[in-house]
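Hi,

Here is the structure I promised to pass on.

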Amino acid sequence: MHRIDKVLSHALNLSRSEIKKAIKEGWVILNESLVKDAGTKVNEHDVIVFDKDIIKCFPDELIMIHKPMGVVCSKTDPHYPSVFEVFNLSSKQYHMIGRLDQDTTGLLLLTTNGQLTHQLMSPNKKVNKHYFVTLNHDITDEAVIQLESGVDIQDETPCAPAKVVVHEPRLIELIIHEGRYHQVKRMMQALGYDVIKLHRSQVSFLTLDNLKLGEWRACRQEEIERLKQGN
Ligand code: URA
């Protein structure tokens, strides 16, 4: 058994005094009853609600989701459910490492660890992301050369050179290490293509393996260590 203020402070990365204040102000519910005592003991089977979100007492440090279409990566959206709602995760606990569009499928990472977010998001770290891109017409050699040289998408600077694997005339794999807004779609649009389907298959060395659409899994400690070391 653990003290609820300690558990929440660890899970939400807030100080013990912030948690005590929140308890005093009535923000914390334990198994459907208001918590009054910061020293109340809890275990992993207890349901703790903090400011309307269910909090995992012992959260996984990094989780991998196989994101389906029709789910958004923002916290709320007027039209679509968010990843946090669909996978029952508190946005107070988990931070997304790079977003995918509503209509993009594939590998999405969420973490409770700010250092890991920085490690995987920082442009200097050059973490590769693999996208399978279905196009509205056949890719040309010229377009491949442009992708490999760095496409100008009307940002301050052109995109960094991408790696390209042509699987079929209308199906290419793009490997990029930046994470600009709608980057893949804008790169292809700049070259005169529409993206019909977009799927992220890999981030760094992590792949979806047998994870089915709509499933998630906790990443293993050795995977997390490898990502922290930048391998
Ligand atoms: N690039 C895009 O255009 N969309 C995504 O979802 C991811 C990368």
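Helix α4 (residues 114–121) and helix α7 (residues 221–228) have axes that come within 9 Å and cross at roughly 55°. Axes here are lines fitted to C-alpha atoms, for helices over the stretch in contact, with angles running from 0 to 180 degrees between N-to-C directions. Helices (H or I, at least four residues) and strands (E, at least two) are DSSP runs, numbered from the N terminus. That angle makes α4 oblique to α7; the label covers whatever is left after under 35 degrees (roughly parallel), over 145 (roughly antiparallel) and 65 to 115 (roughly perpendicular). The crossing of α4 and α7 is left-handed, meaning that the near helix is turned anticlockwise from the far one by less than a right angle. On the α4 side the contact (heavy atoms within 4.5 Å) is made by Gln115, Leu116, Gln119 and Leu120, and on the α7 side by Ile224, Leu227 and Lys228. Sorted by type, these residues are 4 nonpolar, 2 polar and 1 charged. Nonpolar takes in Ala, Val, Leu, Ile, Met, Phe, Trp, Tyr, Cys and Pro, charged takes in Asp, Glu, Lys and Arg, and the others, Gly among them, are polar.

Before you go further: this is a predicted model, in which local features need pLDDT of at least 70 and side-chain atom pairs count only at pLDDT 80 or more, while totals for chains, interfaces and linings use all residues. Residues are numbered from 1 along each chain as its sequence is written, and side-chain values use heavy atoms, with hydrogens and water left out.

Next, helix α6 (residues 183–190). Which of its residues are buried? They are Gln183, Val184, Lys185, Met187 and Met188, where buried means under 20% relative accessible area, exposed over 50% and partly exposed in between (1.4 Å probe, protein chains only). Those buried residues pack against β9 (104–111), β10 (129–135), α5 (141–149), β12 (171–176) and β13 (195–203). After α6 comes Gly192, with a positive phi near 90°.

The loop between β12 and α6 holds Arg180, which is buried because its relative accessible area is 18%. Its side chain makes a polar contact with the side chain of Glu178 at 3.0 Å. For that term I need a pair of N or O atoms within 3.5 Å; within protein, one must be able to donate a hydrogen and the other to accept it, and residues adjacent in sequence count only if both atoms are side-chain atoms. Leaving aside neighbours within four places in sequence, Arg180 is in contact with residues including Asp155 and Arg186.

Thr105 sits in strand β9 and counts as buried, at 13% relative accessibility. The side chains of Thr105 and His199 are joined by a polar contact of 2.8 Å. His199 also turns up among the residues touched by His66, which lies in strand β7 (residues 62–67) and is buried at 10% relative accessibility.

Asp51, in the loop between β5 (48–50) and β6 (53–55), is not a glycine but has a positive phi of about 50°; at 27% relative accessibility, Asp51 is partly exposed. Lys126, in the loop between α4 and β10, also isn't a glycine and has a positive phi, near 50°. Is Lys126 buried or exposed? Exposed, with a relative accessible area of 53%.

Cheers
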